[in-house]
Structures are given as structure tokens and as C-alpha cells.
Amino acid sequence: MESVERIPLTYAFDAYCGWCYGFGPALHEFATTNADRIELRVLSGGLFTGSRALPVSAYPHIPGANDRIAQLTGVTFGDGYRAALADGSAVMDSADAATGLVALRSQPGANALDAAAALQRAWYVDGRSLSDPAVYRDLAAELGLDADAVAAAYASPATRAEAAADFLKVRRLGVDGYPTLLLHTAHGTDRLGGPVSSADALTHALDQHLAATTGA
């Protein structure tokens, strides 16, 4: 039987983006529901890099934003994260987190979206720094990956270079906020849904795009 060509999608997110954490459950449900017809790549956007890679206390708007995210999406922020937020000293460095994502997603059998979700749980539930190499060993075990291979990949300059390349790809796609889910068609790139979209709404939007393309 001839296989059906899958629709390419790009998910641009940042591990330290609270709205991405809120969007995660809906996106996972959407990806599972449509697994037979989509091909999803996950790219880190680099929200907190360079001069923006600062202690979480440098961003006083975060607690209020978290309340709104929880209200609109239903996600829960864990006690470990709340403790890290209250302490305020943890540095949010998106380059380290993006390197960790590459280290995880590059392993045999890895699922990039699952890896992204694991990163966000480590921070938003457990309050663990995504600059800590030990985190990636633990996430590897959680995801059923080779912890030694993930640790070696995280320490590799090539992995960090690939993470930087992800940032560039996201910028070239014109993404200026997170989370952003993009649909790639022969006619160009379209945004699919928004930060508080449900899985059903995302599937409906995908169906509409496909119907419009087929009817063109």
C-alpha cells in the first residue's frame, strides 16, 4: 500500500516559555490524534539568550503570567518550580536548554515533542535548572534513552552549534513569539492556532487548511 505523504509542521518553542508549557498538553493531544498525517519538527527559539539569560528574579512579571497561563490552559506549576521562583537565583539560559533538547532528540528512538515536554516538566514542575548536565541524564532515563550518550551529546560543541542553528531557523521563519505552530504547504507557511488553542481546534484548523489547499 502506498504511504500517504505527511504534512510538515514546525513547533517553535522555548523550554523557559510558560505559555509553551501551557500549550504543551493540547499540542501533544493534537500530535497524537494526527500522528498518521503530520511530520512535526521541534525547534528552540532562544527566548533567554545573551543579555537576556538572567536570574528568574529579573523578570518580575512571571508569577502573574503563570497565574494567567494556569487559568487559561489548566496546567499546574509544581512546588519545586514555585520554590525556585521564590528563591529567584536560577538563571534561565535558553541556549543551554536548547542544547539539551538537541542532545535528547538526536538519540535513536527519541521523540522531539516528548523531549520538549520533559524539559518543561523539569523546570515548571520540579524547578530544576536546564543548565545542569545531571538533568539530561535523568531525562534520558525518563524517556528511555541512553543517559551516557545524552550526556556526551550535551557536552559536545557540535550539539551546541545545532541548537544555535535552531535559533536561526526560527528567526528565518519569521517567528516572533512562542509558542508558534507552523504549517508548511506548497503555497508557503501558515500559523496554526495559538497559545490557548485546544487540540480539537488545532485539528479543525489543520482540516481547514487542507481543504483549502485541496480545493485550490
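Which residues are exposed on the other side of α3? First, the ground rules: this is a predicted model, where local features need pLDDT of at least 70, side-chain atom pairs count only at pLDDT 80 or more, and totals for chains, interfaces and linings use all residues. Residues are numbered from 1 along each chain as its sequence is written, and side-chain values use heavy atoms, with hydrogens and water left out.

**Helix α3**

I looked up the buried residues of α3 (residues 79–87) and found Tyr 81, Ala 84 and Leu 85. They share one side of α3, because their arc around the axis is only 100 degrees, taken from the directions from the helix axis to the C-beta atoms. On the other side, my answer is Asp 79, Ala 86 and Asp 87, which are exposed. (Buried is under 20% relative accessible area, exposed over 50%, partly exposed in between, with a 1.4 Å probe and protein chains only. Helices are DSSP runs of H or I, at least four residues, and strands are runs of E, at least two, numbered from the N terminus.)

The buried residues of α3 pack against α2 (62–73) and α5 (112–124), with contact meaning heavy atoms within 4.5 Å. After α3 I noted Gly 88, with a positive phi near 80 degrees.

**Rings**

I then checked rings of Phe, Tyr and Trp (its six-membered ring), which pair if their centres lie within 6.5 Å; planes under 30 degrees apart are stacked, over 60 edge-to-face, the rest tilted. That rule gives twelve aromatic pairs. Tyr 11 and Phe 13 are stacked, 5.6 Å centre to centre with 25 degrees between the planes.
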